[in-house]
Amino acid sequence: MDIIHILFWCLSALALFAAIMVLVSKNPVHSVLWLIVVFFAISGHYILLNAQFLAIVNLIVYAGAIMVLFLFVIMLMNLNAEADPQKNSWMKIIGVVTGGLLLTMLVSAARSSSDIASKTATLKVGDIGLIQNLGKTLFTDYAVPFEISSVLFLSAMVGAVVIGKKD
Amino acid sequence: MPIQYYITLASILFCIGVTGALTRRNAIIIFMCIELMLNAVNLLLVAFSKMPFAVLPNSTAAAGTDAQLFVFFIMVVAAAEVSVGLAIIVMMYRNVHSIDVNFLNRLKN
């Protein structure tokens, strides 16, 4: 059991604990902060898998930009004191049972597959996650989707301004 | 690290997201649970991209780059989605003064 495995289990436990805390937190600001912890743990997983570009992009885009946007919106609405207004425990039980059933189905399907039983994900080796290789592929094979995504961003920006504008 | 561990971890994260989207009534929390599900899928894609490609006859050294670029595009789409979605939630809050989805079950009025 070397340091890589210890890091894997620590990051997994941290991600799962923080993801559960996102759900059970009453205060939405606490939920956002716990979700940032989840993103940091997932970035740690990316670094373990040697996908360094994605790790940094995950931190910058998700933990940096998107979560700050969430925090701004929550503080704009001043929702701090508000808990869930309706305590409908029946819906909660049904939701938890549904999620548990989905989890059981996914895990049992993955466990029973013989194709991937002996496959491993190589940690700490390989250079496909480095920015040089990703950039080469992005600007040769995926140049058209890259440009289309820029158009998507433009339309999203225009849409956000049009929706959020006071009229 | 066996790929089964990553599949299990990503499945648990995804199902936590599904459970949150079904149980919570706050629209912003539901939105955050959707982000959680997207991240679970991203983690699984990156883990699959690092699997050895021994079965493919013409696998090159750059095999697996596609999966990581797919994750990159998922992040791009998620960023655009969040900007529009939060604008919609802010507009709803301005009209209804609540983001409880029980009160938002009609699009009209």
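A residue counts as buried if 20 or more other C-beta atoms, placed from the backbone, lie within 10 Å of its own, as exposed if 12 or fewer do, and as partly exposed in between. By that rule α2(B) is mostly covered, with 18 of its 23 residues buried. This is a predicted model, in which local features need pLDDT of at least 70 and side-chain atom pairs count only at pLDDT 80 or more, while totals for chains, interfaces and linings use all residues. Residues are numbered from 1 along each chain as its sequence is written, and chains are lettered from A in the order in which they are written.

**Where the chains touch**
- In chain B, 59 residues are in contact (C-beta atoms, placed from the backbone, within 7 Å) with 68 residues of chain A.
- The elements of chain B that give two or more residues to this side are α1 (3-23), α2 (27-49) and α3 (65-96), where helices are DSSP runs of H or I with at least four residues, numbered from the N terminus.
- The largest share, 20 residues, comes from α3(B).

**The helix α2(B)**
- Because the expected span is 1.5 Å times one less than the number of residues, the 23 residues of α2(B) should span 33 Å, which agrees with the 33 Å between its end C-alpha atoms.

- Leaving aside neighbours within four places in sequence, Met32(B) is in contact with Val22(A), Ser31(A), Val32(A), Leu35(A) and Phe70(A).

Methods. Two residues are in contact if their C-beta atoms, placed from the backbone, lie within 7 Å.
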